[in-house]
Every structure is written in C-alpha cells, then in structure tokens.
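The sequence and structure are shown first.

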Amino acid sequence: MKLLAVIDMQNDFIDGALGTAEAVQIVGRVAEKISSIRESGAEVVFTRDTHGEDYLSTSEGKKLPVEHCVRGTYGWEITDKLEVRDSKIIDKPTFGSYELAEYAASIEKLEEVILVGLCTDICVISNAMLLKARLPEVRITVDSGCCAGVTPQSHENALEAMKMCQIDVE
Ligand SMILES: [Zn+2]
C-alpha cells in the first residue's frame, strides 16, 4: 500500500498571503499526481495548516507576522484545482503533524509515503522527518517537482537536507 500526503495546498500558500510563483506552477502537476496515484489504488491524505484569530500572538506568528490559513477563510481552503473527493483531511496547528504520522502508521502493509505540496522547506520537510521517525522501515519519498519552497534556494536546501536523512527525493 502507498500513501500520497498532499501537504498544505491551500490558497494562502499558492496565490494568497504567502503565495509564490513557484507554488502556482506546481498546482497542475500535483493534480496529475493525485489522479495517477488514485488510479493505482493508493490512498491520498491532505493536510491543512490551520490557525485561529489569535495567530499573531502565537509563537509562529511572532516569527512570521503574516496572517494566513485562519480556519474558515478562503485562504485556509485547499485550492479547488485539486480534487479532494472523500480523502481524509488533517488540520494541523503547526508545521509537522503527529496526526499524519499516526494515520500513516495505522495503515496496514504500508510500503511508501510520498509527499508533495507546500512549502518544501517548512511543512514538507517537517512531515517527512516525522514520518521517517515514526515509520523507519517505510520508504519516504518526496516528489520535488510537486513541491515549492519559500524561495527556490530554500527549496533546494531542504531537498538536500532530506536526502541526507535517507528520504528519497525524486
Ligand atoms: Zn502557518
């Protein structure tokens, strides 16, 4: 069994408060990846970065004072260019999600978790490392063409860091 984890493909990270040109560019490829993986019989799970109205007073908000992904807002929603269908959605209050790692661990005969989404250098890398820690015998793969970072340079840095930690970067 394979699991595709689609990380934080939300409007605010694509063309909203924290959007980038690189993020806009990957949307089509992520949509294709989702449909091909579903055709192969694998499962898809989505995460959503999720903050409250108090964002600016949180630890993350003090370091990154740009309101984003406030629950219930348009920016928080997963882009409608991706088909969520009946896939599970995990809301996460910070970068890495224990809930995602536990969900992956609950899947019987899991062979591989493939990560795509945003941002390579914050939430993709955080979740890849968490999954690697929770599931050391499961292959953890990142599809670099379906990820984008805060900057192209930090995207590349994150891919290098993940490779060093035995995450397969394709
Ligand atoms: Zn956030």
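## Overall architecture

Along the sequence, the protein follows the pattern β-α-α-β-α-β-α-β-α-β-α-β. Its radius of gyration is 15 Å, close to the 15 Å that the globule rule gives for 170 residues, so the protein is as compact as a globular protein of that length. The model is a predicted one. It contains six helices and six strands.

Taken along the principal axes, the C-alpha atoms fill a box of roughly 40 × 35 × 30 Å. Among contacts with a separation of 6 or more, 77% are between residues 24 or more positions apart. Buried residues account for 36% of the 170 residues.

The six strands form an open sheet with parallel pairing, in the order 3-2-1-4-5-6. Strand 3 (88–92) and strand 6 (168–169) stand at the edges with a single partner strand each, so one side of each has no neighbour in the sheet.

Strand 2 (residues 43–49) runs parallel to strand 3 and is joined to it by five bridges. V45 has K88 in strand 3 as its bridge partner.

## Helices against the sheet

Helix 2 (residues 21–39) lies across strand 1 (2–7), strand 2, strand 4 (112–118) and strand 5 (139–148). Its direction is at about 135° to strand 5. Helix 6 (residues 152–164) lies across strand 5 and strand 6, and runs at about 170° to strand 5.

Helix 4 (residues 98–105) has buried residues L100, A101 and A104. These cover an arc of only 100° around the axis, which puts them on the same side of helix 4. An α-helix has 3.6 residues a turn, so residues three or four places apart point the same way.

The buried residues of helix 4 pack against strand 1, strand 2, strand 3, strand 4 and helix 5. On the face turned away from this buried side, helix 4 carries the exposed residues Y98, E102 and A105.

## The nonpolar core

The largest nonpolar core has 42 residues, of which A5, V6, L115, V116, V124 and A128 touch the most other members. Helix 5 (residues 120–134) supplies the largest share of this core, with six residues. In soluble globular proteins, nonpolar side chains tend to be buried together.

What does L115 touch, leaving aside residues up to four places away in sequence? The residues are A5, I7, V124, N127, A128 and V142.

Key: Residues are numbered from 1 along each chain as its sequence is written. This is a predicted model: local features need pLDDT of at least 70, side-chain atom pairs count only at pLDDT 80 or more; totals for chains, interfaces and linings use all residues. A nonpolar core is a set of buried Ala, Val, Leu, Ile, Met, Phe, Trp, Tyr and Cys residues joined through C-beta atoms within 7 Å. A residue is buried if 20 or more other C-beta atoms lie within 10 Å of its own, exposed if 12 or fewer, and partly exposed in between; C-beta atoms are placed from the backbone. Helices (H or I, at least four residues) and strands (E, at least two) are DSSP runs, numbered from the N terminus. Two residues are in contact if their C-beta atoms, placed from the backbone, lie within 7 Å. The radius of gyration is taken over C-alpha atoms; the globule rule is 2.2 Å times the number of residues to the power 0.38. Two strands pair if DSSP finds at least two bridges between them. Axes are lines fitted to C-alpha atoms, for helices over the stretch in contact, and angles run from 0 to 180 degrees between N-to-C directions. The arc is that of the directions from the helix axis to the C-beta atoms.
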